[in-house]
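Keep the 3D view open while you read.

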Amino acid sequence: MKNKIAPSILSADFGNFERDVQKLEAAGADVLHIDIMDGHFVDNLTFGAGVVAALRPHTTLFFDCHMMVEHPEKYILPLKKAGANSMSIHVESTPHLHGTLQQIKNAGMKAAAVINPGTSVELIKPVLSLVDMVLVMTVNPGFGGQKFLPETIEKVSMLDALRTEKSLHFEIEVDGGITDETITSAKRAGANIFVAGSFVFNGNIEENIKKLKNKLK
Ligand SMILES: O=C(CO)[C@@H](O)[C@H](O)COP(=O)(O)O
Ligand SMILES: [Co+2]
C-alpha cells in the first residue's frame, strides 16, 4: 500500500489557512488531515464544513476529515457539499457506527472507523469489511503536540493481521505524536498513512515532510 504523509491543519496558522495549505501541497503532502472538533466529544473546538468549503478552491489535496464530534451523522451532507473526500468516525461517538459509515459511503465519500487509545480492536471488527480505512489514535484526541503512546501500536499489528486473514484492503492511519522517530514503529506494524501536526509545522514544513518521507523508504 502507498505510504502517505497527512499533515494536520490543527497545527497551521488559523489566520493563514490558505497560505499554509498551499505550502503543504508544494512540500509534497499526500493528504490534508482536517481535525473537526465540537467541544463536546473532546474539550476543544475547531472548524466545520464552512472552513472546509473555503479551503477547497485552494488545493487539490485529498481532504481527510477526522470527526471528533457527537452525532457525526449530522455532518455528512454538509461536508460532502463542502468538498470533503473522506470522513473518519470514532466508534466511541455513536451507537450507530455501521449505519453512519454506510451513509458516508452512500454520500460518495470514503469512510473510516477510528479507535481511541483505550478502545479495543474488537469493537471495530464488525465494520472492517465496510471501511476504506481504520484510524488508530496514538494519543488521546483533542489536542496537537502530545506525546506518542507506544502501547497503541500493538493494535496496528492486530489490524494488519486481520486484514490479511480476511483478505480485506482497508488502509491503516495513525494519528498523534508522529515524528521522524515514532513513524518507524507505526510503519513496521502495518500503518501506511501518517498524520503529523506539530512535527510538520514546527520549523521548515518542506524539510520536516522530507524527514518523515525518508523514514518510509
Ligand atoms: O486528531 C488529532 C488530535 O486530536 C491530531 O490529528 C493532531 O492534530 C495531531 O497532532 P500532533 O500530535 O501530530 O501534533
Ligand atoms: Co486527527
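Let's start at Ser8. Not counting residues up to four places away in sequence, Ser8 touches His33, Asp35, Gly144, Val195, Ala196 and Gly197. Bear in mind that this is a predicted model. Is Ser8 buried or exposed? It counts as buried, because it has 25 C-beta neighbours inside 10 Å and the cut-off for buried is 20 or more.

One of those contacts, Gly197, is worth a look too. You'll find Gly197 in the loop between S8 and H7. Setting aside neighbours within four places in sequence, Gly197 is in contact with Pro7, Ser8, Leu10, Ser11 and Gly144. Gly197 is buried as well, because 24 other C-beta atoms lie within 10 Å.

Now bring in ligand 1. There are 22 residues around ligand 1, and Ser8, Leu10, Gly144, Gly197 and Ser198 come nearest. Strand S2 (31–37), strand S8 (193–196) and helix H7 (198–201) are the elements that give two or more residues to this shell. Sorted by class, the shell around ligand 1 holds eight nonpolar, 12 polar and two charged residues. For comparison with the record, an unreviewed UniProt entry lists a "binding site" that includes Ser8, His66, Gly144, Asp175, Gly197 and Ser198.

The unreviewed entry also lists His33, Asp35, His66 and Asp175 under "binding site". These four are spread over 143 residues of sequence, yet they cluster in space, with a largest C-alpha distance of 10.5 Å.

Take Asp35 from that set. Asp35 lies in strand S2 and is buried, because 25 other C-beta atoms lie within 10 Å. Beyond its neighbours within four places in sequence, Asp35 is in contact with Ser8, Leu10, Thr46, His66 and Met68. That leads us on to His66, whose place is in strand S3. With 27 C-beta neighbours inside 10 Å, His66 counts as buried. Again leaving aside neighbours within four places in sequence, the contacts of His66 include His33, Asp35, Ser88, Val114, Leu135 and Asp175.

Next, the sheet around strand S5 (residues 110–115). Five of the six residues in S5 are buried, so the strand is mostly covered. On one pairing, S5 meets strand S4 (residues 86–90) in the parallel sense over five bridges, and Ser86 stands opposite Lys110 in S5. S4, helix H4 (residues 97–106) and S5 together make a right-handed β-α-β unit. S5 also runs parallel to strand S6 (residues 133–137), joined by four bridges. There, Ala113 has Val134 in S6 as its bridge partner.

Finally, the backbone angles. Most residues other than glycine have a negative phi. Which value does His71 show? Its phi is near 50°, a positive value in a residue other than glycine. His71 is in the loop between strand S3 (62–68) and helix H3 (76–82), and is partly exposed, because 14 other C-beta atoms lie within 10 Å. Ser167 has a positive phi of about 50° too, although it is not a glycine. Ser167 lies in the loop between helix H5 (153–165) and strand S7 (171–175). Ser167 is exposed, because it has 7 other C-beta atoms within 10 Å.

Conventions
Residues are numbered from 1 along each chain as its sequence is written. Chains are lettered from A and ligands numbered from 1 in the order in which they are written. This is a predicted model: local features need pLDDT of at least 70, side-chain atom pairs count only at pLDDT 80 or more; totals for chains, interfaces and linings use all residues. A residue is near a molecule or strand if its C-beta atom, placed from the backbone, lies within 6 Å of it. Ala, Val, Leu, Ile, Met, Phe, Trp, Tyr, Cys and Pro count as nonpolar, Asp, Glu, Lys and Arg as charged, and the others, Gly among them, as polar. A residue is buried if 20 or more other C-beta atoms lie within 10 Å of its own, exposed if 12 or fewer, and partly exposed in between; C-beta atoms are placed from the backbone. Two strands pair if DSSP finds at least two bridges between them. A crossover is right-handed if, with the strands pointing away from the viewer, the path from the first strand over the helix to the second runs clockwise. UniProt positions are given in the numbering used here, feature names are shortened, and annotations may be inferred rather than shown by experiment. Two residues are in contact if their C-beta atoms, placed from the backbone, lie within 7 Å.
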